[in-house]
Amino acid sequence: MPARMNRKTEQTALDAGNALVGVCLALSPWVLGFTTEATASWNAWLVGAAIALVAIGALVSFAEWEEWANLALGIWAVISPWILGFTGIAAAFYPHVIAGVIVAVLAAIELWFLHRRPVSAV
């Protein structure tokens, strides 16, 4: 895939959506009050910021690796409560899982747009 390509409005909207979700995840420790939970807070701040920055990068100058990165970050956000041990903190658990699912799905849709091939008429 070329680094710069013409993209459809819906493809750009997917990246804008991921940027918004990333910002929301990064702000969630303050908004939902789990800043005293260091592991959960730092994970939300770092993963949320990374998601937002990668999505903004895709809006500025698209490259396929950005979608793969956000897919991986989304999956990490979903599984991190179990791996990092904060499943018992609902205020931290739910934003990670919800944001992770949204980011992973939007990145997967973007990758599907990139790789779908029209069915040829026989």
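**Entry 1: N18 and its contacts**

I looked up N18 in this predicted model and listed its contacts, leaving aside neighbours within four places in sequence. N18 is in contact with I51, A55, N70, I102, V103, L106 and A107. I then checked where N18 is found, and the residue is in helix 1, which covers residues 9-32. Is N18 buried or exposed? Its relative accessible area is 0%, so I put N18 down as buried, the cut-off being under 20%.

**Entry 2: Helix 1 against helix 2**

Helix 1 and helix 2 pack at an angle of about 160°, and their axes are 7 Å apart. Angles over 145 degrees count as roughly antiparallel, so helix 1 is roughly antiparallel to helix 2. I noted the crossing of helix 1 with helix 2 as left-handed.

I went through the residues that make this contact. By class, I have 17 nonpolar, 6 polar and 1 charged residues for the contact of helix 1 with helix 2.

**Entry 3: Aromatic rings**

W30, W42 and W45 form one aromatic cluster. How many aromatic pairs does the structure hold? I found 5 aromatic pairs. One of them is W42 with W45, an edge-to-face pair at 5.1 Å centre to centre, with 85° between the planes. W42 and W45 both lie in helix 2, residues 38-60. They are 3 residues apart there, about one turn of the helix. I also looked at W112 and F113, whose ring centres are 5.6 Å apart. The planes of W112 and F113 stand at 50°, so this pair is tilted.

**Entry 4: Helix 3 against helix 4**

I moved on to helix 3, residues 64-84, and helix 4, residues 90-115. Their packing angle is about 155°, with the axes 7 Å apart. Helix 3 and helix 4 are therefore roughly antiparallel to each other. Their crossing is left-handed. The residues of this contact divide into 16 nonpolar, 6 polar and 3 charged.

**Entry 5: V31**

I checked V31, another residue of helix 1. The relative accessibility of V31 is 65%, which means that V31 counts as exposed, the cut-off being over 50%. How far apart are V31 and A91 in space, C-alpha to C-alpha? I read 9.6 Å, for two residues that are 60 apart in sequence.

**Entry 6: The chain as a whole**

I finished with the totals. The secondary structure of the chain comes to 4 helices and 0 strands. From the N terminus on, I wrote the order of elements as α-α-α-α. The chain has 122 residues, and buried residues make up 41% of them. I also took the contacts between residues at least 6 apart in sequence, and 65% of these join residues at least 24 apart.

Methods: Residues are numbered from 1 along each chain as its sequence is written. This is a predicted model: local features need pLDDT of at least 70, side-chain atom pairs count only at pLDDT 80 or more; totals for chains, interfaces and linings use all residues. Side-chain values use heavy atoms; hydrogens and water are left out. Axes are lines fitted to C-alpha atoms, for helices over the stretch in contact, and angles run from 0 to 180 degrees between N-to-C directions. Helices (H or I, at least four residues) and strands (E, at least two) are DSSP runs, numbered from the N terminus. Angles under 35 degrees count as roughly parallel, over 145 as roughly antiparallel, 65 to 115 as roughly perpendicular and the rest as oblique. A crossing is left-handed if the near helix is turned anticlockwise from the far one by less than a right angle, and right-handed if clockwise. Ala, Val, Leu, Ile, Met, Phe, Trp, Tyr, Cys and Pro count as nonpolar, Asp, Glu, Lys and Arg as charged, and the others, Gly among them, as polar. Buried means under 20% relative accessible area, exposed over 50%, partly exposed in between (1.4 Å probe, protein chains only). Contact means heavy atoms within 4.5 Å. Rings of Phe, Tyr and Trp (its six-membered ring) pair if their centres lie within 6.5 Å; planes under 30 degrees apart count as stacked, over 60 as edge-to-face and the rest as tilted.
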